[in-house]
Amino acid sequence: MRHNKKFNHLGRTASHRHAMLANMACSLIKHKRITTTVAKAKALRKYVEPLITKSKEDTTHSRRVVFSYLQDKYAVTELFKEISVKIGDRPGGYTRIIKTGHRLGDAAEMCFIELVDFDENMAKAAVKKTTRTRRSKKSSAAVEAKAAEETSAAEASEEVSAVPAQEEAPKAE
């Protein structure tokens, strides 16, 4: 019976599941983004987020605890040196799952799982979203065009007034 066994077994034995999640966690730490099924990504999130939280405190004990889960010293070094520095002030939610559709062979639901602070494309999109206004596109485009015309007219008048002054200076000598 499955009483109080709420995690996804993923159709694998315990040893196979632990080895698979450790390998996926190492790949996620090294590459910052991996493609997998949604079920595996959700299981991986529960596996890797406590390890990232543990990496915020860089002690010998926490390194040994994380190494006991990952069994890859390069991934542990990357986690403690690069990732923990970048996510030091974040209180949680270190990963993001983005669904990409269904796989052709078996129609399994696929997704990306990535570390949140390491995706430059999403960071640029967030910056673009903050500049939006509630005005319609036509009126904002008209305001921008009008402002551009005013600045070009001001620059043209400055150039016209600057040109005669330069011409007059050599004649005075």
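K54 sits in helix α2. Helices here are DSSP runs of H or I with at least four residues, strands are runs of E with at least two, and both are numbered from the N terminus. The model is predicted: local features need pLDDT of at least 70, side-chain atom pairs count only at pLDDT 80 or more, and totals for chains, interfaces and linings use all residues. Residues are numbered from 1 along each chain as its sequence is written, and side-chain values use heavy atoms, with hydrogens and water left out.

K54 has a relative accessible area of 33%, so this residue is partly exposed. The scale is simple: buried is under 20% relative accessible area, exposed is over 50%, and partly exposed is in between (1.4 Å probe, protein chains only). Leaving aside neighbours within four places in sequence, K54 is in contact with S62, V65, V66 and F80. Contact means heavy atoms within 4.5 Å.

**Overall fold**

The protein has six helices and three strands. Along the sequence they run α-β-α-α-α-β-β-α-α. Of its 173 residues, 27% count as buried. Among contacts with a separation of 6 or more, 56% join residues 24 or more positions apart.

G101 belongs to strand β2 (residues 95-102). Its relative accessible area is 30%, so G101 is partly exposed. Beyond its neighbours within four places in sequence, G101 is in contact with A108, E109 and M110. V38 is 63 residues from G101 along the chain, and their C-alpha atoms are separated by 9.9 Å.

**Rings and charges**

A pair of aromatic rings is described by the distance of the centres and the angle of the planes. The structure holds one aromatic pair. The ring centres of Y47 and Y69 are 6.0 Å apart and the planes stand at 80°, so the pair is edge-to-face. Rings of Phe, Tyr and Trp (its six-membered ring) pair if their centres lie within 6.5 Å; planes under 30 degrees apart are stacked, over 60 edge-to-face, and the rest tilted.

Y47 lies in helix α2 (residues 38-55) and Y69 in helix α3 (residues 60-70), so the pair ties together parts 22 residues apart in sequence. Y47 is buried, at 14% relative accessibility. Y69 is partly exposed, at 42%.

Two charges also sit over rings. The test is NZ of Lys or CZ of Arg within 6 Å of the ring centre and within 35 degrees of the ring normal.

| Charged residue | Ring | Distance from ring centre |
|---|---|---|
| R33 | F112 | 4.2 Å |
| K86 | F118 | 4.5 Å |

**The largest pocket**

Rolling a probe the size of a water molecule over the atoms shows where empty space is left. The largest pocket has a volume of about 330 Å³. On a 1 Å grid over the protein atoms alone, a pocket is an open set of points where a 1.4 Å probe fits, with protein on both sides within 12 Å along at least five of seven lines. Grid points are joined across faces, edges and corners, and the volume is the space filled by probe spheres set on the points.

The lining consists of K6, F7, N8, R17, H18, L21, A39, K42, A43, K46, Y47 and Y69; a lining residue has an atom within 4 Å of a point. Both members of the aromatic pair, Y47 and Y69, are therefore in this lining. The elements giving two or more residues are α1 (14-31) and α2. Helix α2 supplies the largest share, five residues.

By class, the lining has six nonpolar, two polar and four charged residues. Ala, Val, Leu, Ile, Met, Phe, Trp, Tyr, Cys and Pro count as nonpolar; Asp, Glu, Lys and Arg as charged; the others, Gly among them, as polar.

**Backbone exceptions**

Most residues other than glycine have a negative phi. K32 has a positive phi, near 70°. K32 is placed in the loop between α1 and β1 (33-37). At 13% relative accessibility, K32 is buried.

Q71 is not a glycine either, yet its phi is positive, about 60°. Q71 is in the loop between α3 and α4 (73-86). At 55% relative accessibility, Q71 is exposed.
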